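Before reading on, take a moment to look over the sequence and the 3D structure. The notes below are meant to be read with both in view.

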Amino acid sequence: MPMELPKEKVVVIMAPTASGKSRLSVEVASRYPSEIINSDKIQVYKGLDITTNKITLEEQLGVPHHLLGNIDSVIHPELSAAEFRSRASSIISEISGRGNLPIVVGGSNSFVYALLANEFNKDLNVFSESGAQVCSELRYNCCLIWIDVSLPVLDEYIKKRVDDMIDSGGLNELAKFHQYDMLHLEPNVGLTKSIGVPEFKEYVSRYGNEMPSSKGDQKQKDLYDKAVNLMKENTCKLAKAQMEKIKFLKQRGWDIKRLDATKSFMALLQGSKNWSTIWETQVLQPTLNIVNSLLEE
Ligand code: ATP
């Protein structure tokens, strides 16, 4: 009988939007020869880097990132979970072949499920179809890490992050996207579903990238506030839905290790400088212990 090859080792960081997964992945990757594979279904596309909160080249600290911003949505409007499974598994083989550790990072649990499940049926969405069987046997030798943040705390952080995003060029990016890119893209698929695009459609079609001024037109100010609030609300809803999907997989037998980042987020929101020390103790160090155990097996 042919000998079965050992499964490839893969680190998977599963976490809702805004919970600090990019930072954690780069911290892990700077300690082991590793490469990162993005599994956020919107960040796979080229464009809207600020709106979709892609990790910047500077923040990547030289760690190779795959499936991050390299799919042209004009040529390939929507990457399916099945296509992600196939592309990401080839990338994992290449990374392992180079002797590096693959680290899968992202918020799209339908993509993570598609990639890791030993048996995957592309016609069944385990999260939305009642009765669909969750496959708890995984294709890789994984450690699954979940960064948890209590929702009220995460919501507060998300609201702050949306304000920062708009101020740091997000409005300009969204105005340009509506003015040029949307002309070549099918609505309601892929990148056009990105949070911020529908919410700002009306505002940018009337006012472009112009910020409302405190002494200016009240109508403009109201429309702007409406778009920002809707963006905050929809991002909070997304974080909650992503968190529920992680809990769902854990309940169905996936061995997901939960790390609680709530205290560090609270410290950050209170402007306390020691948030980083709390994060290192409560999130980074336990993650490194988990990764070490996987590598020592
Ligand atoms: P679903 O089954 O609903 O597609 P999913 O788990 O496959 O969920 P999610 O990552 O939860 O995928 O994304 C769902 C939706 O959330 C996207 O279609 C998009 O509207 C929004 N979204 C996800 N990631 C981002 C992002 N980085 N920036 C902006 N919007 C995003």
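What follows is a short briefing, grouped by topic, on a model that is predicted.

The chain is assigned two domains, of which domain 1 takes in 9–154 + 250–296 and domain 2 takes in 157–234. The points below begin with these domains and the nonpolar core, and then turn to rings, cysteines and some individual residues.

**Domains and core**

- The centres of domain 1 and domain 2, taken over C-alpha atoms, are separated by 27 Å, and 21 residues of domain 1 are in contact with 22 residues of domain 2.
- The largest nonpolar core has 95 residues, and those with the most contacts inside it are Leu 116, Phe 200 and Trp 254; this core draws at least three residues from each of domain 1 and domain 2.
- As a general background, nonpolar side chains in soluble globular proteins tend to be buried together.
- Once neighbours within four places in sequence are left aside, the contacts of Leu 116 include Val 12, Tyr 140, Cys 142 and Trp 254.

**Aromatic rings and charges**

- The count of aromatic pairs comes to ten, and one of the pairs, formed by Tyr 157 and Phe 265, is edge-to-face, with 5.0 Å from centre to centre and 85° between the planes.
- That pair links distant parts of the chain, since Tyr 157 belongs to helix 4 (residues 151–179) and Phe 265 to helix 7 (residues 262–269), 108 residues apart.
- Phe 265 counts as buried because its relative accessible area is 6%, which is under the 20% limit for that word.
- Ring pairs also join Tyr 113, Phe 120, Phe 127, Phe 248 and Trp 254 into a cluster, and Trp 254 is also among the residues with the most contacts inside the largest nonpolar core.
- Charged side chains are found over rings as well: Arg 23 lies over the face of Trp 279, at 4.2 Å from the ring centre, while the charged end of Arg 258 sits over the ring of Trp 146, 6.0 Å from its centre.

**Cysteines**

- Another cysteine, Cys 236, counts as buried because its relative accessibility is 12%.

- Glu 35 has its place in strand 2 (residues 34–38) and is buried, with a relative accessible area of 4%.
- Not counting residues up to four places away in sequence, Glu 35 touches several residues, including Val 63, His 66, Arg 98 and Asn 100, and its C-alpha atom is separated by 9.0 Å from that of Ile 92, which lies 57 residues apart along the chain.
- Ser 73 is placed in the loop between strand 3 (65–66) and helix 2 (81–97), where Ser 73 is buried at a relative accessible area of 6%, and its contacts beyond four places in sequence are Tyr 45, Leu 185 and Leu 191.

**Backbone angles**

- Most residues other than glycine have a negative phi.
- Asn 53, in the loop between strand 2 and strand 3, has a positive phi near 60°, and at 35% relative accessibility Asn 53 counts as partly exposed.
- Leu 67, in the loop between strand 3 and helix 2, has a positive phi of about 55° although it is not a glycine, and Leu 67 is buried, with a relative accessible area of 4%.

Definitions and conventions:
Residues numbered from 1 in each chain as written. Predicted model: local features only at pLDDT ≥ 70, side-chain atom pairs only at ≥ 80, totals over all residues. Heavy atoms only, no water. Core = buried A, V, L, I, M, F, W, Y, C linked by side-chain atoms within 4.5 Å. Buried < 20%, exposed > 50% of the residue type's maximum accessible area, 1.4 Å probe, protein only. Domains from an automatic or database assignment. Contact = heavy atoms within 4.5 Å. Helix = DSSP H or I, 4+ residues; strand = E, 2+ residues; numbered from the N terminus. Phe/Tyr/Trp six-rings, centres within 6.5 Å; stacked < 30°, edge-to-face > 60°. Lys NZ or Arg CZ within 6 Å of the ring centre and 35° of its normal.
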